[in-house]
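User: Please take a close look at one part of this model. I would like the surroundings of a single ligand.

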Amino acid sequence: MSEKRLSLSPARFLSARRRHRSAGLVVLLFGLLAVGSAYAAFAPDNAVADNSAQSQQIEEGKKLFAVGCASCHGLNAEGGGTGEGKMAGPSLIGVGAAAVDFQVGTGRMPAQQPGAQMPRKPPVYTQAEIEALAAYVASLAPGPAVPAEEAYDVSKATDEQVTRGGELFRTNCTACHNFAGKGGALPNGRYAPSLMGVDPKHAYEAMLTGPQQMPVFSDQVLQPEDKRDVIAYLNALQEQKDPGGFGLGRLGPVSEGLWGWLVGIGALVCVAIWIGAKGVKAKGAKAE
Ligand code: HEC
Ligand code: HEC
């Protein structure tokens, strides 16, 4: 090839190059055309195929939402609610799929009656329906997504991770949830629930979304591996048996104090009564 080119006179070489160039242009145009029409023919279909499952899920979630949630949260999740005598729910724009999965997955939503706090109850929706509701709410505005299973899988947690999780738990969570994760009362009739038996996914989502009085522990505050270690600790806490005797609810000094008070003072009262009774008997014996 290069030998051939070398044998060409400069003029012929140029024209040959020009011909080459225009041929290249034609090929390029044909190529573009082919790619363009191929794209027109196939790509949108592929995109539709990719998106249709998702948009179908969103559509499904929207329908479920209109029936089960809109009365309190508004037809477009804008908050407020339209139902008579119903509790107005907050706007759900931007709460993310994680908040929906947590609230509906723990049965807190749909709320059934007004109160300081929505209690946990058996979920009303199936997991597929919850996913549809979550997909719909997530489609309205970006928000925290449902974590991937690896994020909260603690089946292979090491002792070191559990210990680390315990430290993080004591720093961030015990103020409300108690040292043993058994929960505790908060002002105005509210409470931090017990964390025993909580699904690891819901625990992760609770940290991510901060329901009610609970702060949001964003990934900057508690990194994903911190969250996982906290869950590993909760898991270990749950499997740990009480060391012996009564657990006393492990509520700490308050219940221990109460127990001491009841049992201790109770015993003293019994002794006093017994002494009193003996005294009376003794007196009676003297009088005889
Ligand atoms: C009877 C009224 C009512 C119904 C029905 C209801 N909600 Fe709620 N929802 C509330 C109220 C009130 C709150 C705020 C409660 C709280 O802070 O504990 C709330 C809170 C939420 C939150 C938490 C928002 C946040 O900022 O983290 C989500 C998510 C949610 N609801 C989703 C739903 C979904 C999904 C449904 C339908 C399956 C639903 N709700 C049905 C009243 C309702
Ligand atoms: C300021 C108090 C407070 C702190 C601090 C706090 N929480 Fe909470 N937490 C709450 C309250 C209140 C709720 C109940 C919210 C509701 O019912 O809507 C809750 C709910 C939860 C739940 C859901 C339990 C269930 O029954 O579904 C989990 C899990 C949880 N918290 C874990 C944690 C962890 C882990 C930390 C520390 C990283 C933490 N919380 C820190 C107040 C707190």
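How far is an oxygen atom of ligand 2 from an N or O atom in the side chain of R120?

Analyst: The distance is 2.6 Å in this predicted model. Local features here need pLDDT of at least 70, side-chain atom pairs count only at pLDDT 80 or more, and totals for chains, interfaces and linings use all residues. Residues are numbered from 1 along each chain as its sequence is written, chains are lettered from A and ligands numbered from 1 in the order in which they are written, and side-chain values use heavy atoms, with hydrogens and water left out.

That R120 pair is a polar contact (N or O atoms within 3.5 Å). R108 also reaches the ligand: an N or O atom of its side chain is 2.9 Å from an oxygen atom of ligand 2. H177 meets a nitrogen atom of ligand 2 instead, with a side-chain N or O atom 2.8 Å away. Helices (H or I, at least four residues) and strands (E, at least two) are DSSP runs, numbered from the N terminus. The most comes from α9, with 3 residues.

Now the shell as a whole. It has 27 residues, and R120, C173, C176, H177 and M214 come nearest. A residue is near if one of its heavy atoms lies within 4 Å. The shell splits into 19 nonpolar, 6 polar and 2 charged residues. Here Ala, Val, Leu, Ile, Met, Phe, Trp, Tyr, Cys and Pro are nonpolar, Asp, Glu, Lys and Arg are charged, and the others, Gly among them, are polar. Domain 1 (45-146) and domain 2 (147-241) both contribute residues, so ligand 2 lies between them. The domain bounds come from an automatic or database assignment.

C176 is partly exposed, at 33% relative accessible area. H177 is buried, at 9%. Buried means under 20%, exposed over 50%, and partly exposed in between (1.4 Å probe, protein chains only). Contacts are heavy atoms within 4.5 Å. Leaving out residues up to four places away in sequence, C176 touches G183, G184, L186 and A192. With that exclusion, H177 touches F169, K182, G183, A192, P193, L195 and M214.

Notes. A polar contact is a pair of N or O atoms within 3.5 Å; within protein, one must be able to donate a hydrogen and the other to accept it, and residues adjacent in sequence count only if both atoms are side-chain atoms.
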